[in-house]
Amino acid sequence: MPGRLAIYDDISFKKDAIDIFGNIKDNIKVLNKRYNIAPTIDIPILLNNFVYTYAHFGFVPSWAKDTKTININARSESIFEKKTFRESYKSKRAIVPINGSYEWIKNPYKKESIPYIIKHSKQDYLALAAIWDEWYDTSTNTYLLNCALLTTEPNDKIKQIHDRMPVVLDKKDWALWLDNSTNFEQLNKLFKPYPNERIKIEEVSTLVNSVRNDSIKCISKQNVKIGQGSLF
């Protein structure tokens, strides 16, 4: 978790990034709005060289022989111990802005699971801690910029639907996270559950259940019918 994302508005994020870091190199300009992003699809990312660009959603270390195995998430508790992630954790950290991520709960009465979108309760994006790398594709003579999202223990809200949640960064911690001189003790303090009151979880359309669907209808809020309870 998270494995499916919605990223359709980065205006506030870019404004906040400029306020904190000054000028950033914006290679994206106008965001390609996506409402149902699955792994291997490119997502926007702010690298720690302050380039804002797209990266392959799925981590492939530079030394990998191929792209058959990718990791979309990296556990923050063991990231430094894993050969796959530790070099990027040292020097290739990044921030991925998302408008929401999806999780599902099984519906006992239907085959189709119930989708929920997880969003910030007070602003229009969540800033997720990420790592990146570049993998050289010998068949095309090009580099594949790629990334993984860090995860941690869930807060009480998320715990109802999943046993992990992404590491969400407060704006005050962005500079600390992207600074290569930050020591690991400081970084590890960022790996904590995001406060319950800053997270909003809403039931959305089952259109999102299929990766073939990618429209604004995927995030349409579903009204809880009379007689039904709500987890959130």
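These are my notebook entries on what I looked up in this structure, which is a predicted model.

**Entry 1: the open sheet**

I began with the strands and found an open sheet of 5 strands, whose order is S3-S1-S8-S9-S13 and whose pairing is antiparallel. S3 and S13 are the edge strands, each of them pairing on one side only. From one strand to the next, the twist averages 25 degrees. As a reminder to myself, strands of a sheet pair through backbone hydrogen bonds, either parallel or antiparallel.

I then followed strand S9, which covers residues 114-120 and is joined to S13 by 5 bridges, the two running antiparallel. Towards its other partner, S9 pairs with strand S8 (residues 100-105), again in the antiparallel sense and over 5 bridges.

**Entry 2: the nonpolar cores**

Next I looked at how the nonpolar residues are grouped, and the largest nonpolar core has 56 residues, with Ile95 and Trp177 having the most contacts inside it. Strand S10 (residues 126-137) supplies the largest share of this core, namely 7 residues. Another core, of 9 residues, lies apart from it and includes Ala6, Tyr102, Ile117 and Cys218. The general background I keep in mind here is that, in soluble globular proteins, nonpolar side chains tend to be buried together.

Which residues is Ile95 in contact with, once its neighbours within four places in sequence are left aside? I listed Phe13, Ile45, Leu46, Ala127, Leu128, Leu169, Trp174, Trp177 and Leu178, so that Trp177, named with Ile95 for having the most contacts inside the core, is itself one of the contacts of Ile95.

I looked up Ser88, which lies in helix H2 (residues 83-91). Its relative accessible area is 2%, and because buried means under 20%, Ser88 counts as buried. With its neighbours within four places in sequence left aside, Ser88 is in contact with Phe59, Arg93, Ile131, Trp132 and Asp133.

For the cysteines, I checked Cys147, which counts as buried at 0% relative accessibility, and Cys218, which is buried with a relative accessible area of 0%. How many disulfides does a search of the whole structure find? The search finds 0 disulfides.

**Entry 3: the salt bridges**

I found that the structure holds 14 salt bridges, and I went through several of them. The general point behind such pairs is that side chains of opposite charge can pair when their charged atoms come close.

The side chains of Arg34 and Asp214 meet in a salt bridge at 2.4 Å, N to O. This pair links distant parts of the chain, since Arg34 is in strand S3 (residues 34-37) while Asp214 is in the segment after strand S13 (199-203), and the two are 180 residues apart. Arg34 counts as partly exposed at 21% relative accessibility, and Asp214 counts as partly exposed at 28%.

In the salt bridge between Glu153 and Arg164, the closest N and O atoms are 3.3 Å apart. Both residues lie in the loop between strand S11 (142-152) and strand S12 (165-166), so this pair ties together parts that are 11 residues apart in sequence. Are Glu153 and Arg164 buried or partly exposed? Glu153 is partly exposed, with a relative accessible area of 41%, whereas Arg164 is buried, with a relative accessible area of 7%.

Finally, I looked up Glu202 and Lys200, whose side chains meet in a salt bridge at 3.8 Å, N to O. Salt bridges that share partners join Lys119, Lys200, Glu202 and Lys221 into one network.

Key:
Residues are numbered from 1 along each chain as its sequence is written. This is a predicted model: local features need pLDDT of at least 70, side-chain atom pairs count only at pLDDT 80 or more; totals for chains, interfaces and linings use all residues. Side-chain values use heavy atoms; hydrogens and water are left out. Helices (H or I, at least four residues) and strands (E, at least two) are DSSP runs, numbered from the N terminus. Buried means under 20% relative accessible area, exposed over 50%, partly exposed in between (1.4 Å probe, protein chains only). Contact means heavy atoms within 4.5 Å. A nonpolar core is a set of buried Ala, Val, Leu, Ile, Met, Phe, Trp, Tyr and Cys residues joined through side-chain atoms within 4.5 Å. A disulfide is a pair of cysteine sulfur atoms within 2.5 Å. A salt bridge is a side-chain nitrogen of Lys or Arg within 4 Å of a carboxyl oxygen of Asp or Glu. Two strands pair if DSSP finds at least two bridges between them. Axes are lines fitted to C-alpha atoms, for helices over the stretch in contact, and angles run from 0 to 180 degrees between N-to-C directions.
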